[in-house]
Amino acid sequence: HLPLDQSVAYGDELKVTGKLSDPPRLEGFNYRKYLERFGVQKIMKAPKSIEILCRGCEGNWVTRRASGLRNWMGSNLKASLPSPHRELAMGILLGVKKELPPSVKQSFQDSGLQHILVVSGSNIAIVMLCFQMVFRRFGPYINALFSILGIVFFVLMAGGDAPVIRAALMGSLAGIGVAGGQKIDVINALLLSSCLMGLAIPSMIQSDLGFWLSFGATMGIIVFTPIFALLLQTIQIPNSKYQITKSTSSSVPEFLNSHVWLSAILKILSMSLGAQLAVLPLLLLFFGSFPLGGVFANIFIEPLMPMLMLGSSILGLCGSLSSGLVWPFRAVVYFGFEILLSLSQWFSHFPALEIPQKLSFLSLIALLVLGLLLVLHPKLSEIHLAKPAK
């Protein structure tokens, strides 16, 4: 093994001495097929020696720079935040969750909040927004070009997992559409990005559950969220039918208006219900249970995420500066993660829905049929499809 004062990174050339063996067969998990996704055919347990032959002399130059930036941000977060806050910061920023304590990882899984530790559309949207703000003055085509290059670099930083690749492809398609003055059809963009992934990396589509959960949640948000929003409009507020619109009263500040707050809550609840409904059959089919607390936990968690992502990014990039300069960000991020940890632990005590596997498979078929009917329905299609601009 390596000495404690040494570490390895992408691009290092190693000499490993030991005995190769086939991956073991595990009950309920096809470990061999899982490793095939990464091109791994053999494994080595307890190598006799590991020797570093060359630092940074192999691999792609851009990937080495991306990996180096990720490691640098990780070291800054370690210097700025205690555990497990720093591991959570790396999780929401770059999807790095292997260092999370098992108890924390379990509470996020039981509370239905494990999705926030997976890099997806929110991260890609922030990357695109940053690049668009910087390159807006250079015109739409230059803006789109550098936004896509920024997305590619971010994907390399995040390790290229299926959810982030899918989100990156959708973001790139959106950027190309904006540059050309067109609105993309979001369902077509989702399907096209998935097809491109399947053509480029078939094993990812075949065996990566993370891809299907990401695909299902995104499709659920696109298709089912508007339906839930319409249903939730029937909620009664003191003898009047509530409509999800801004208040026309000018005497009350918008941030104090109860209708504005309820509108935001119902919007988050609609998105949570749409995403959770879409992934429900998959979770039941592969895990045998569905965390009911996750439907409501997202109402409290989602408003925290932009602040935590922004604060964690600042600490990751500037954490090595004088403590007086980053102290306000450190305090805000620390207490934000404290709230996140408390909510995950509290919602993890909610009961889980469990049904037989046969019913799980039937629920998946029923959901696919329902989703197809909604997509093809001529009236409902106007609600959830973003039509190309004429």
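Mentor: Two rings of Phe, Tyr or Trp form a pair if their centres lie within 6.5 Å. In this predicted model, the structure holds 11 aromatic pairs.

Trainee: What makes Tyr334 and Phe335 an edge-to-face pair?

Mentor: Their centres are 5.4 Å apart, and the angle between the planes is 80°. Planes over 60 degrees apart count as edge-to-face, so the pair of Tyr334 and Phe335 is given that name.

Trainee: Why is the pair of Trp346 and Phe347 called edge-to-face?

Mentor: The planes of Trp346 and Phe347 stand at 85°, with the ring centres 4.8 Å apart. The angle must be over 60 degrees, so this pair is edge-to-face.

Trainee: Is Trp346 buried or exposed, and is Phe347 buried or exposed?

Mentor: Trp346 has 53% relative accessibility and the cut-off is over 50%, so Trp346 is exposed. Phe347 has 3%, and buried means under 20%, so Phe347 is buried.

Trainee: Which residues do ring pairs link into a cluster?

Mentor: The cluster consists of Phe131, Phe135, Phe138 and Phe146, linked by ring pairs.

Trainee: What classes of residue make up the lining of the second largest pocket?

Mentor: Its lining has 17 nonpolar, three polar and no charged residues. The pocket has a volume of about 530 Å³, and H14 gives the most to the lining, with seven residues.

Methods
Residues numbered from 1 in each chain as written. Predicted model: local features only at pLDDT ≥ 70, side-chain atom pairs only at ≥ 80, totals over all residues. Heavy atoms only, no water. 1 Å grid on protein atoms, 1.4 Å probe; cavity = no way out; pocket = protein on both sides within 12 Å on 5 of 7 lines; lining within 4 Å. Points joined across faces, edges and corners; volume = space filled by probe spheres on them. Helix = DSSP H or I, 4+ residues; strand = E, 2+ residues; numbered from the N terminus. Nonpolar A, V, L, I, M, F, W, Y, C, P; charged D, E, K, R; others polar. Phe/Tyr/Trp six-rings, centres within 6.5 Å; stacked < 30°, edge-to-face > 60°. Buried < 20%, exposed > 50% of the residue type's maximum accessible area, 1.4 Å probe, protein only.
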